[in-house]
Amino acid sequence: MAKKSKTPRPPRPVQAPKRRVDTRKRSGGVPPWAWIAGAGVVVVIVVVVAVSMSGGGSGTSDAQVAATMRAAGCTFKSTPPKPAKKDPLNYHADVPSLSTPTKGLWSTFPPSGGAHYGLWAVWGFYRDPVNPRQVVHNEEHGAVVLWWGPQVPPATVDKLEAFYQQQPDGVFGTPLESLNGKSLGDKIALTAWTGDTSKYYQLVNGKRYYGIGHVAICSKFSQKAFAAFRKAYRGKGPEGIPLADDEPGMGPQS
């Protein structure tokens, strides 16, 4: 059995996932005009659900995010993850341990989707590096990940943590010293993995569907640009995990 992660845990303890229950009841005696209005509402709901499942529920397009990021001096791209190698229906098989070599597993640096370890990291903002093999699993659950290189000033890391605290659910923060010979240096990166949950791992037009990864690399913090990235991609992971299950302190039971 693989050794447990030594990932440092944030201050809050692991919590049971929160569930929201709709307790509304139908009322009788609905007039005919209400049925027409109701049908329109149903259409709107269907459209919203469909867009959400496709990974773009915020209504913000890749082009809009790209323009905002580039205006802030960041690079941006969206690209599919590399297919699972050992088992086309199980990314975990490619990373059986926390020390599995990762060269050739991911299509972007930092990783924005693809092969990952079977247990994700406890949600939080960390000052010590978290194993990226786990962090990619958080991305699958809908994380927007903030990464930063070893030369990023502590004052900038403080800004990143303040940004994280604005909306911590579904956001993850970790430094990244080096990975497969690459380093962020004095740069900050944001990554996310989105996708249509109904197609994940399925054959679509003869090809296996694994969603899409998004990565932006910036030389400085920008509230506007980072918020646009967060709004577009947070909680849109290909597995469809709700943000209520991605709160700080939540994670695999130890």
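**Close-up views of a predicted model**

**View 1. Thr 102 and its partners.** Beyond residues up to four places away in sequence, Thr 102 touches Arg 133, Leu 179 and Asn 180; touching, or contact, means heavy atoms within 4.5 Å. This is a predicted model, in which local features need pLDDT of at least 70, side-chain atom pairs count only at pLDDT 80 or more, and totals for chains, interfaces and linings use all residues. Residues are numbered from 1 along each chain as its sequence is written, and side-chain values use heavy atoms, with hydrogens and water left out. Look for Thr 102 in the loop between strand S1 (75-79) and helix H3; helices (H or I, at least four residues) and strands (E, at least two) are DSSP runs, numbered from the N terminus. Thr 102 counts as buried because its relative accessible area is 3%, and buried means under 20% (1.4 Å probe, protein chains only).

**View 2. Leu 179 in its loop.** Leu 179 sits between strand S3 (171-175) and strand S4 (188-194). Is Leu 179 buried or exposed? With 9% relative accessibility, Leu 179 is buried. Apart from neighbours within four places in sequence, its contacts include Trp 106, Phe 109 and Pro 132. Pro 132 is 47 residues away along the chain, yet the two C-alpha atoms are separated by 8.7 Å.

**View 3. The largest nonpolar core.** Which residues touch the most other members of this core? Among its 29 residues, they are Tyr 91, Trp 147 and Phe 172. Helix H3 (132-140), strand S2 (144-148) and S4 each give two or more residues to this core. A nonpolar core is a set of buried Ala, Val, Leu, Ile, Met, Phe, Trp, Tyr and Cys residues joined through side-chain atoms within 4.5 Å.

Note on methods:
Buried < 20%, exposed > 50% of the residue type's maximum accessible area, 1.4 Å probe, protein only.
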